[in-house]
Structures are given as structure tokens and as C-alpha cells.
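Please read these comments alongside the sequence and the model. They are set out as numbered points.

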Amino acid sequence: MEDEKKLAEFQTRLKNGESIEPKDWMPERYRKQLVRMISQHAHSEIVGMLPEGNWITRAPNLRRKMALLAKVQDEAGHGLYLYSAAETLGVDRESMINDLLSGKAKYSSIFNYPTLTWADIGVIGWLVDGAAIVNQTMLAKSSYGPYSRANLRICREENFHKKQGYEIVATLANGTDAQRKMIQESVNRWWWPSLMMFGPTDKDSPNSAELTKWKVKIHSNDDLRQRFVDLTVPQAKAVNITFPDPDLKFNEETGHWEFGEIDWNEFYRVIKGYGPMNRERMNARKKAHEDGRWVREAAEAYAKKKKVLHEN
Amino acid sequence: MAEFDVKTRELLFNYILGIADDRLILGHRLSEWCGHAPIIEEDIAMANIALDCIGEADAFYKLAATFDTEGRSADDLAFLRDSTEFRNVQLSEQPNTDFAWTIARQFFTDAFYVPFFEELAKSSYEELAAPGAKALKEVKYHLRHSREWILRLGDGTEESNSRLQDAVDNLWMYTREFFEFSDSVKLLYELDIVPDNSALLEKWKETVLPVLKDALITIPEDPPYFATGGRNGLHTEHLGHLLAEMQVLPRTYPDAKW
Ligand SMILES: [Fe+2]
Ligand SMILES: [Fe+2]
């Protein structure tokens, strides 16, 4: 009975647009869904360092090298704030990381595609960070305070990443024939996976209804995807880049860009672990974790010794 | 802008390149950790220090470029020279064999660069003093970071102690190039443009030895041979591979802008 009353109060708070804070009462399902979603978001930031990190040592000039290094560093920072936000819900970072490494927890499937050329660094900034911004701008308004604040902070940096990414794209698009070819091929590879970043279409999205009910999500996957397409198509046109979709056309009546059918088989296959890079990404994370074990143990042992020393 | 004669300009060009190359190659090595560090906090710290180093390199390359008779830009100097034209100490190019190697390499470098930039910041040549002063603030933080890790690893577990000992033993022979006081450097020193870096060896030992001792690391005996040659373009085998990777795009597409 008590819980039903609390639940009713909780729902009134959501309805009034109040922000839920860590010490507030919350239904168990709300907590669970948030932990799943925030930790998945954190894992995506961390795994996302790998495809871009792949080009830090080969960035073509000093300015680009510093910008890319700073970007990947930002992504690590995003991972940290998000793990902290999830920790306010009573899970610790270590257990979340273990869930990632055991394959129990998911991360954004976009990072299971390879970065084959330097152009991919521009395209990831433009399309992948661009899609993330559309999603995270919504999440910055989510009902859970720490998550909404983390997203606000993250969005500010993602906007910068997107700007830098687009600048690389524009430079290559206006460059030599080889650079133009490189950038168009990269866009051809990343366009559809970027659209898949918004998740399954609304009717097939198992978590969406619940997340919407809890005001964690405010817009549907399809709405966000449409917003992204509408924003991005004119940006491509501005630099004479095309998207690999013969059905892409502007609908004068709705004012939206219509696009072709996403290959949902590919989407589900990659989510289940069978994309081009799933194994490699997980192996790289596991290796970093294993190779770093003795370092973490040393830091812990040293901190303990110092603590004992202080107490005596 | 100070006026220098042709000979001094050439000496300065090579001298400044030495600093820039040290910082770039070290920064490059650190950046290899990004995404693969033992904890996320270290992914961030390594990237941060790498960024400082590459930023410093950029500033010194820009200054070096003003003395280049071939009119190369900072990027040309970084991306279009061969390994035999690189003037970094061999320590900076040593690989990230494990985290202990990275930390030992960093600590040995920081322990030189803090007093070095302190002195460089006093140069009578303003254009050289300014980036030295800016870099000093950064390397002080780097030294704090590397010193803390030396203590943690040395006085952590048995495994971490033995890994650090191994790194120190292997890298010790690369720790003297910083202090080489060649005739060309001496000429610049006499003009009050650059410090006497040979005088910094004592300071380096004052920083390094007590920390290693506190970290329960046995100080290696001085070997019969200390590595030398980096300042004249002679390197270990590692640098060629590093540059092949770093320079691949500008060299593959010579007419492209990025
Ligand atoms: Fe991010
Ligand atoms: Fe980003």
C-alpha cells in the first residue's frame, strides 16, 4: 500500500516535470531501466575511443593530431561522468565494466564498424557525434537529475566534435581527387550505420514505451532519426557529398526528407555480436583490462599502505 | 626579433628542433595509450600529457621554422623529415613495453625538463624564453604525475615493483643524452641564449634518486655505455617505425591539404 502511494506521488512528480535525484524514492523498474541505459551509454563512450584512437598516431598534421587526441580524451571523460551518474543508482563502476567485458551489457553498435581511412575520422565526428547530439539533447531533459546534467555537459563537447568532424569532411570534399574519393567512400560506409544509432523503429522497440513512461525518453526513435536526417542532408549538399540512398527525397508537404528502408537484419545481427568489429573491440577492451590489472592492484596496495601509515 | 648571424641561426635551428622532436616523439608514444590504459583516469591523464607535449612541439617547430633555410612549416618539419634528421633523445622513442616503461620514461624525462625549462625561460632570446615558460607549467604537472606513479608502482605489489625495476634497468642507459653539452650548444650558451644543460645532471639526480629509493627501486650502476647520437640523428630502431606510421598520410598524398 505504502508503495502504491509512493508510486502515485512519483508519477505526479514526473508529470510536473520535476527532476528525480539520487536520494529520492523511485520505483525499482525506473532504477533498473536507468542503470541499463546509463551504463550502456558509458560503455559506448569507452568503446567509442577505439575506432577513433586508431587514427591518433596517423593524423596528418599537428593541429588535427591534437584535436583528435582531445576528442578521444573527451570521450573518456564522458565515460567517467556517466559511470558516476550510474553509481548514484547504487551500482559500482567495476561491476558495470565486468558486465561489458562478459558481454552482458551492450554498447552502441556503431562502434562495431572499422575506421579504414582518415576520412572516417571526419565522418564519425559529423555523423556519429551528430546523431549522438540529437539523442543526447533529448536525454539532457530526462527525468533523472544526474543523467540529465551529465548529458548537458556531454552535449556541449559533442557539438565541438561535430564541428571539427564536419570541418575535416569539408576539407577533404574540397581537396584532391583522392581525398574526394576517400570522403565519399567513407560516407557511403557510415551513413546507414549512423541511422541505425537511433535504435529499432518504434513498433519494434521493447524499452521505448517504458522509458517514455518514466520520462527518460521524450521523443521516439523514429522522430529522432527523422530530425537527424533533416539536419544532415543539407550539410551533405553544401559540400557536394551524396548519401547512398536512392530513395532519399524531400517531401514538400511534410517538410521532411524521406529515406529508404534500413536494413534491420544488419542492425540486429550487429547488436547480437556479429558485426565486422565486435570481436576486435571486445578483445581490445579485455586486453586493456587484463594488462592493466597489475597497475590497479599496485595503486590499491600502495593506497592501503599509505592509509595504514597515516593511522599509526 | 633578435638578429642572429647565419651560423647562429643554423645552430639555433638544430637546437630548437631537438626540443621540438623530444616533445613530439614522447607525445606520440603517450598518445598510443589512448583507449588502452589501465584505468579511465589514466586514459585521460596520458592523453592530457600527450596533448601538452605535442602542443609544446608545435610551438618549438614554429620557432624553428623561422630559422629554416628551406622555408619549411612546422608540419613539414614534423611530417616530412627522415629519422636521421630527427634530433630527439633516444629515450623519447623507447616503446610502451608496459605501463612501468611508460612511467619510467616519463619520470626520467620530466626530471630533466622541469629544470631545463626553468633555465630556458630565462633566455635572453625572448622568442625562446616564452614557450619555455609556458612549457614549464606543464612539465611540472607531468613530473607530479610520473613521480606519484613511480611511488605507487615501486611500493605497490611485488609484481609492480619488479616490472618497474625492469623498466628502470632497461632505460637507464638512455638517460644521459639530455645533458650532452656539445660545442654547438656551448656557442649558444656563450651568447646567453640557452642554458648549460650539463649542469642539470646534478639536479636531475636530486629529483630522481630519492624517489627511486622511496619506491624501493635499486639504482642501476652506471653502464660502460650510455646511449648517444639522437641529437645528431642517430637513433634506435624504434624511431623509423614510429615515423613510418606518423608520417604516412602527408607522404602518401604530397599534394594534399588536411
Ligand atoms: Fe561522447
Ligand atoms: Fe564525441
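The points below take up the metal site and then the helix packing.

1. Basis. This is a predicted model, in which local features need pLDDT of at least 70, side-chain atom pairs count only at pLDDT 80 or more, and totals for chains, interfaces and linings use all residues. Residues are numbered from 1 along each chain as its sequence is written, chains are lettered from A and ligands numbered from 1 in the order in which they are written, and side-chain values use heavy atoms, with hydrogens and water left out.

2. Iron ion (ligand 1). Its protein donors are Glu45(A) (OE), Glu75(A) (OE), His78(A) (ND1) and Glu158(A) (OE), at 2.0 to 2.2 Å. Donors here are N, O and S atoms within 2.8 Å of the metal (3.2 Å for Na, K and Ca); water is not among the atoms, so sites may look incomplete. The donor residues are spaced E-x29-E-x2-H-x79-E in sequence. Glu45(A) sits in helix H2 (residues 28-47) of chain A and His78(A) in helix H4 of chain A, so this pair ties together parts that are 33 residues apart in sequence.

3. Iron ion (ligand 2). Glu75(A) (OE), Asp129(A) (OD), Glu158(A) (OE) and His161(A) (ND1) coordinate this ion at 1.8 to 2.3 Å. Along the chain the spacing of these donors is E-x53-D-x28-E-x2-H. Distant parts of the chain are linked by a pair of them: Asp129(A) in helix H6 (residues 119-139) of chain A and Glu158(A) in helix H7 (residues 145-173) of chain A, 29 residues apart.

4. The bridge and the geometry. Glu75(A) bridges the iron ion (ligand 1) and the iron ion (ligand 2), which lie 3.5 Å apart. The site of the iron ion (ligand 1) is irregular, with angles of 85 to 143° among its four donor atoms. The site of the iron ion (ligand 2) is irregular as well, its four donor atoms giving angles of 87 to 150°. Four donors count as tetrahedral if all angles lie between 85 and 135 degrees; four count as square planar and six as octahedral if opposite donors are over 155 degrees apart and all others between 65 and 115; anything else is irregular.

5. H4 and H5 of chain A. Helices (H or I, at least four residues) and strands (E, at least two) are DSSP runs, numbered from the N terminus. H4(A) (residues 62-87) and H5(A) (residues 93-101) pack at about 110°, with their axes 9 Å apart. Axes are lines fitted to C-alpha atoms, for helices over the stretch in contact, and angles run from 0 to 180 degrees between N-to-C directions. The two helices are therefore roughly perpendicular; angles under 35 degrees count as roughly parallel, over 145 as roughly antiparallel, 65 to 115 as roughly perpendicular and the rest as oblique. Leu80(A), Tyr83(A), Ala86(A) and Glu87(A) in H4(A) meet Arg93(A), Met96(A) and Ile97(A) in H5(A), contact meaning heavy atoms within 4.5 Å.

6. Chain B. H1(B) (residues 6-31) and H2(B) (residues 40-65) pack at about 160° with axes 8 Å apart, and are therefore roughly antiparallel. H2(B) also packs with H5(B) (residues 99-120), at about 40° and with axes 13 Å apart, so H2(B) and H5(B) are oblique to each other. Residues of H2(B) in this second contact include Met46(B), Ile49(B) and Phe60(B), and those of H5(B) include Phe99(B), Ile103(B) and Leu120(B).
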